[in-house]
Amino acid sequence: MNKWENVDILLLDNLTKFREEVANCSKFSEKLSSGATIFVNDAFSLSHKILASTVGVTRFCHASVAGFNFEEELLQLKKISKTTRQPYLAIIGGSNFLEKANALHLLACKCDGLYFFGKLAFQIMNALGLSVPGCFVEQDAVGEALKLIQHAHCRKISIYFPNDFWCFNNSKQDLREIFPSGGILTGWTPIDLGPVSLKELSSLLSICKKILLIGSIKFDSVKEDTVGASELALMLQKISMTDCDVTVVGNAACNAVAGTSCSITQYRMFKNASVVWEFLKGRILPGVAALDIAYPHDLDWNIAFPDPSKPLIVDIGSGNGLFLLKMARRWQNYNFLGLEINKKLVRRCLNNVLQSNIKNGYFISTNATSTFRSIVSSYPGYLILVTIQCPNPDFNREEHRWRMVQRMLIEAIVDLLITNGKVFLQSDIEAVARRMKEQFIMYGKGRLVVDGVENMGWREENPFGIRSDWEQHVIDRGAPMFRIMLRKVR
């Protein structure tokens, strides 16, 4: 650490040999960030993991941003779910059908066809009632495979799997024969796509404008490269020259393509398939969410609100949403947005919105600390009020005590608020309320002032005339609430 005192930029490479890195150790993260003001993450391939050097350090730096490579790969990844070019075919290999079920359903929503090979293909075949070698059937995968088949049927898209396979004899492995799918004899193991399958795949690819190849091209029982893998790579090389958008995911698939192509720049390539699978499952990548500006939310405000030009009020940590829904009913001339990290609560809130026929209320499941700016910045109208009520800090762990309000969130709120817009803070714990107030004043950089009359530094009454559930609970037991309203002056 002493040698770093005169260094302006420090590059940290692979730290996975340290167990503290993998465990996201807080003390280790603090040591890594010691003396650093700005953290730059350019390791997108690790963004699906929670590591000390990619997630933990963001707690101790004033700013955490994506590097140029990180940002470019994230933008390229988001294009996988775009359907601007059709027909769009996903070629999917590998195994673990259950683990990938959510991602496969998303691909079924976006693509015009799914072609399965490898172990995944046998799960589809098994669900359709075809004869499949028992060693290739994944336990409990039939139900999910049937759901995917039904989903594809409802969307009127096709699910493909190989028509034939090259197989070797388990007793004499140098003995090879071609078997039709569903007709593999006992004692034979599939090792490669057959000629009919390759011909059909070539025909499918020839009409595509967008192709995703994800997963291992080889069968589990084969270590060396197969003819099918090489043939598929050549097909992709040929079609990529016809203005087809080709994305290749996974180390094995990337190596196969690179081995047959004179120029890999014509492809969009992701060697770490785990990152892509996590993204396709709909999960927030921890390495992205930890940055000050995380996922750019492509929210269609016209779907959220009939009139997105109305002034916007945002409740951070909206919980069960009852406060926001009561406000929405009373203040019809405003739009109300709840940001809540608990997905189950958000689903319940959105159901309440539909059942109550509320037009000016909407909820998003997200970590507001990292996504507030990207969500609210695209809103067509003005942000006039932000509320943070009764956050629930974890007092059992010192490092979590004050994490409910962080600098990145405060700066985003202050930047996006309209002049004379307000921030309402309250808690039944005076230390928490005081800390929130101090943080907003400190990081508001002179743009926030206390609004209204205070008694002993706190507002006596709720200015809205509507209480949250927890606030009502505190009042009913005779305990005090600590409230403050701040106003943006410039």
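Which residues does Phe-116 touch, not counting residues up to four places away in sequence? Phe-116 touches Ile-92, Leu-104, Ala-121, Ile-124, Leu-148, Ile-159, Tyr-160, Phe-161 and Pro-162, where contact means heavy atoms within 4.5 Å. A second, separate core of 36 residues includes Val-386, Val-405, Leu-425 and Leu-448. The largest nonpolar core has 57 residues, and Phe-116 is listed with Leu-77, Ile-92, Leu-114 and Leu-280 as having the most contacts inside it. A nonpolar core is a set of buried Ala, Val, Leu, Ile, Met, Phe, Trp, Tyr and Cys residues joined through side-chain atoms within 4.5 Å. Buried means under 20% relative accessible area, exposed over 50%, and partly exposed in between, with a 1.4 Å probe and protein chains only. In soluble globular proteins, nonpolar side chains tend to be buried together.

The model is predicted: local features need pLDDT of at least 70, side-chain atom pairs count only at pLDDT 80 or more, and totals for chains, interfaces and linings use all residues. Residues are numbered from 1 along each chain as its sequence is written, and side-chain values use heavy atoms, with hydrogens and water left out.

Of the 490 residues of the protein chain, 49% count as buried. The secondary structure comes to 18 helices and 18 strands; these are DSSP runs numbered from the N terminus, with helices (H or I) of at least four residues and strands (E) of at least two. Along its principal axes, the C-alpha trace spans about 90 × 65 × 45 Å. Among contacts between residues at least 6 apart in sequence, 73% join residues at least 24 apart.

Two helix pairs may now be considered. The axes of helix H4 (residues 97-110) and H6 come within 10 Å and cross at roughly 0 degrees. That makes H4 roughly parallel to H6, a label for angles under 35 degrees, whereas those over 145 count as roughly antiparallel, 65 to 115 as roughly perpendicular and the rest as oblique. Axes are lines fitted to C-alpha atoms, for helices over the stretch in contact, and angles run from 0 to 180 degrees between N-to-C directions. In H4, the residues that meet H6 include Leu-104 and His-105; in H6, their partners include Leu-148 and His-151. By class, this contact has 8 nonpolar, 2 polar and 4 charged residues. Here Ala, Val, Leu, Ile, Met, Phe, Trp, Tyr, Cys and Pro count as nonpolar, Asp, Glu, Lys and Arg as charged, and the others, Gly among them, as polar.

The axes of H7 (residues 195-205) and H8 (residues 227-240) also come within 10 Å, crossing at roughly 20 degrees; H7 and H8 are therefore roughly parallel to each other. Leu-198, Leu-201, Ser-202 and Leu-205 of H7 make the contact with Gly-228, Glu-231, Leu-232, Met-235, Leu-236 and Ile-239 of H8. These residues divide into 7 nonpolar, 2 polar and 1 charged. Ser-202 counts as partly exposed because its relative accessibility is 34%.

The backbone has further features. Most residues other than glycine have a negative phi, and most peptide bonds are trans. Gln-86 and Pro-87 are joined by a cis peptide bond with omega about 5 degrees, and Pro-87 is in the loop between helix H3 (68-78) and strand S3 (88-92). Asp-140, although not a glycine, has a positive phi of about 65 degrees, and at 61% relative accessibility Asp-140 counts as exposed. Cys-390 has a positive phi of about 50 degrees, and Cys-390 counts as buried at 16%.
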